[in-house]
Amino acid sequence: MAKYIGALDLGTTSNRFIVFDHQGRIIGFDQMEHEQILPRPGWVEHDPMEIWRNSQAVIKGALGKSGISGGDLVAIGITNQRETAVLWDKNSGRPLYNAIVWQCTRSNDICRRLSAGHGQDRFREKTGLPIATYFSGPKVRWILDEVPEARTAAQKGSALFGTIESWIIWWLTGGPNGGAHVTDVTNASRTLMMNLNTLDWDDEILNVLDIPRRILPRIVPSSDRNTWGHTAKDGAFNSTIPVCGALGDQQAALVGQTCFEVGEAKNTYGTGCFLLLNTGNEPVASRHGLLTTVAYQVRGEKPVYCLEGSIAIAGALVQWLRDNLGLIDAAPDVETLARTVPNNGGAYIVPAFSGLFAPYWRSDARGVIAGLTRFVNKGHLARAVLEASAYQTLEIVEAMNKDSGVALTSLKVDGGMVANELLMQFQADILDVPVIRPAVTETTALGAAYAAGLAVGYWSDSDELRHNWAVDKTWEPQMDPAERQKGIGDWKKAVARTFNWVE
């Protein structure tokens with residue numbers, strides 16, 4: 001009898017396949033990085049075919065390492081980098097252009113034209129989002145404008161658009177031979193094209209963007225007992241398994257952290273940093289630079305919404321320290337280097353590499369290192385790199401407290417950076433609330449597994465999932481209030497220095 005759930009985690013820098021048991025414990029794991037293609041400053045692309053090849057490889061790798069077969073899995077869930085846009089030919093499966101990654105700023109001119117005379121919040125009432133290069137719609141418009149083959153395919157009806165989960169679900173369920181062309185509500189809510197209230201594509205916005213509805217996937221619940229299709233017997237699983245759960249990575253982490261009650265929040269420290277607060281069955285408009293988005297939906301139930309604070313660069317700043325500056329050999333070394341000094345030496349790094357996301361939404365911003373003196377050494381820079389994630393999170397929490405009217409009392413954390421104990425302590429210090437790390441930190445993949453497992457009855461309800469959640473470690477704030485306030489003030493001065501860099 002099948003005993004496990006598989007989750008395919010399609011991240012910004014790598015793909016992972018993780019097998020979970022009924023207690024939410026990891027049984028098998030494999031991971032592969034994919035190339036970050038940087039054709040120009042501010043442009044970021046991925047090769048969709050590399051992502052598909054790597055997906056197949058990590059599925060086989062995780063099954064092999066765990067000593068189980070595809071037939072031991074009852075369902076497959078998918079989680080993914082969200083706003084990254086792919087257009088492909090439905091007959092051949094060939095991408096019509098590289099995937100344009102959520103960090104990419106090439107659609108800045110398109111966003112400026114969309115905002116002209118209407119403001120950045122032109123579509124916010126319907127979508128919960130400002131007009132920004134972050135979201136998929138302007139990226140699709142760029143491909144249709146700049147790649148003649150893509151526009152021709154769209155006009156002929158042979159082009160398909162999807163975020164990364166759509167692309168992989170299509171391939172897993174048959175590809176050109178009848179693959180399911182779907183996107184779940186959480187990913188659809190990040191395109192700038194879905195109406196939050198109807199959970200359908202908005203024809204008025206599509207008309208403004210000049211994007212034909214026929215290239216768009218069908219919007220489905222995140223946990224869908226109807227399933228969208230089954231894996232092919234001759235594929236990576238060597239078995240037919242229902243594909244029936246999908247969540248954008250940050251919403252998946254919210255589910256994996258079992259934040260099912262209004263007011264519960266989590267922060268994920270990955271390539272970027274994303275703080276989500278459950279607001280219940282009605283969308284809550286933000287007045288302080290946050291996003292209103294869909295948290296998840298189970299088939300037959302009302303959608304659950306959340307407020308989100310999105311930070312573009314978190315773990316990616318550690319990669320920059322490693323790959324661009326060569327100050328460390330591996331990402332975990334940043335903590336060792338940072339511990340060689342007692343503080344940041346007065347240096348602050350604001351990583352506005354592709355502008356600033358929440359709460360500023362400034363595409364004209366670019367990164368700065370501020371407060372440099374000859375005293376500052378590489379240890380201080382390593383500290384500043386870690387502190388940047390904590391200070392950016394603080395600004396999100398401040399906005400969220402204002403929007404929700406409820407002060408945050410603790411923060412559940414997950415993602416790769418939560419292994420960094422220096423960062424976690426500094427986060428607790430600068431927020432002045434406890435920071436809580438769960439026993440299973442792979443909460444993004446776990447959330448996707450939960451979505452698929454709920455769909456097929458592997459887990460009965462959210463109460464059963466809560467029993468799987470357990471605390472690994474809690475950090476209590478220890479910083480002197482005067483030191484905290486000075487650090488926050490200096491950080492905000494540094495942020496102001498990033499504005500208006502791009503004319």
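The following passage describes the overall build of a single predicted chain and then several of its residues and elements.

Residues are numbered from 1 along each chain as its sequence is written, and side-chain values use heavy atoms, with hydrogens and water left out.

The chain contains 16 helices and 22 strands, where helices (H or I, at least four residues) and strands (E, at least two) are DSSP runs numbered from the N terminus. Its radius of gyration, taken over C-alpha atoms, is 22 Å, which agrees with the value near 23 Å that a compact globule of 503 residues would have; the globule rule is 2.2 Å times the number of residues to the power 0.38. Along the principal axes, the C-alpha atoms fill a box of roughly 65 × 55 × 45 Å. Of the 503 residues, 63% are buried, a class defined by a relative accessible area under 20%, with exposed meaning over 50% and partly exposed in between (1.4 Å probe, protein chains only). Among the contacts (heavy atoms within 4.5 Å) with a separation of 6 or more, 71% are made by residues 24 or more positions apart. The chain exposes about 18700 Å², of which carbon and sulfur atoms supply 48%, the areas coming from the Shrake-Rupley method with a 1.4 Å probe.

A polar atom of the T292 side chain lies 2.6 Å from the backbone oxygen of V284. When neighbours within four places in sequence are set aside, the residues in contact with T292 include T127, G128, L129, L196, C306 and L307, as well as P283, V284, A285 and S286. Helix 9 (residues 249-256) is likewise a buried element: 8 of its 8 residues are buried, so the helix is largely enclosed by the rest of the structure.

Several backbone features were also found. Most residues other than glycine have a negative phi, and most peptide bonds are trans. Just after helix 9, T258 takes a positive phi of about 55 degrees. Phi is also positive, near 60 degrees, at D210, a residue in the loop between helix 8 (203-209) and strand 12 (218-220) that counts as partly exposed at 41% relative accessibility. For N238, phi is near 55 degrees; this residue is placed in the loop between strand 12 and strand 13 (243-248) and is exposed, with a relative accessible area of 59%. A cis peptide bond, with omega of about -5 degrees, joins A358 and P359, and P359 is found in the loop between strand 18 (348-350) and strand 19 (368-370).

In helix 1 (residues 48-66), K65 counts as exposed at 60% relative accessibility. Apart from neighbours within four places in sequence, K65 is in contact with F29 and D30, and a polar contact of 2.7 Å joins the side chains of K65 and D30; such a contact is a pair of N or O atoms within 3.5 Å, of which, within protein, one must be able to donate a hydrogen and the other to accept it, and residues adjacent in sequence count only if both atoms are side-chain atoms. The C-alpha atoms of K65 and I27, which are 38 residues apart along the chain, are separated by 8.9 Å.

Definitions and conventions: This is a predicted model: local features need pLDDT of at least 70, side-chain atom pairs count only at pLDDT 80 or more; totals for chains, interfaces and linings use all residues.
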